[in-house]
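Student: I have a new structure to look at, and I'd like to learn how to read it. Could you walk me through a few features?

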Amino acid sequence: MPIINLGKSRKRVANLHKREGQKTYQHKLWKSMRAEKFAYNPVCERCAAAGLTVPTEEVHHKVPIDVCPDLAFDWENLESLCLECHNIRHKELNKK
């Protein structure tokens with residue numbers, strides 16, 4: 001019976017998703033939406049909920065584009081975050 005190594009296959013799939021995600025971030029529509037989100041929401045949404053005023057540094061996808069590529073250009077899937085909140089959000093997602 002042949003031996004199947006699923007580890008390499010999973011890595012290939014992960015790399016494919018990463019490449020597709022990078023294409024999204026280079027897309028003209030994404031750049032336009034990102035600039036509009038910065039202008040519309042210049043304060044970190046998570047910090048604002050805690051009563052703080054911290055400038056936005058990142059536009060984050062609430063549902064990652066590698067999980068659901070259809071939401072890559074969905075305005076409701078975006079949130080404005082400071083760098084610290086963005087890093088915290090990614091750590092939370094990686095735990096799941």
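Student: Which residues is cysteine 44 in contact with, leaving aside its neighbours within four places in sequence?

Tutor: Contact means heavy atoms within 4.5 Å. With those neighbours set aside, cysteine 44 is in contact with Val54, Pro55, Thr56, Ser80, Leu81, Cys82 and Cys85. Keep in mind that this is a predicted model, where local features need pLDDT of at least 70, side-chain atom pairs count only at pLDDT 80 or more, and totals for chains, interfaces and linings use all residues. Residues are numbered from 1 along each chain as its sequence is written, and side-chain values use heavy atoms, with hydrogens and water left out.

Student: Which residues make up the largest nonpolar core?

Tutor: In soluble globular proteins, nonpolar side chains tend to be buried together. A nonpolar core is a set of buried Ala, Val, Leu, Ile, Met, Phe, Trp, Tyr and Cys residues joined through side-chain atoms within 4.5 Å; buried means under 20% relative accessible area, exposed over 50%, partly exposed in between (1.4 Å probe, protein chains only). Here the largest one has five residues: Cys44, Cys47, Leu81, Cys82 and Cys85.

Student: Is glutamate 79 buried or exposed?

Tutor: Glutamate 79 is buried, because its relative accessible area is 9%. Not counting residues up to four places away in sequence, glutamate 79 touches Lys37, Glu45, Glu58, Val59, His60, Lys62 and Arg89.

Student: And tyrosine 40: buried or exposed?

Tutor: Tyrosine 40 counts as exposed, since its relative accessibility is 62%. Tryptophan 75, at 26%, is partly exposed.
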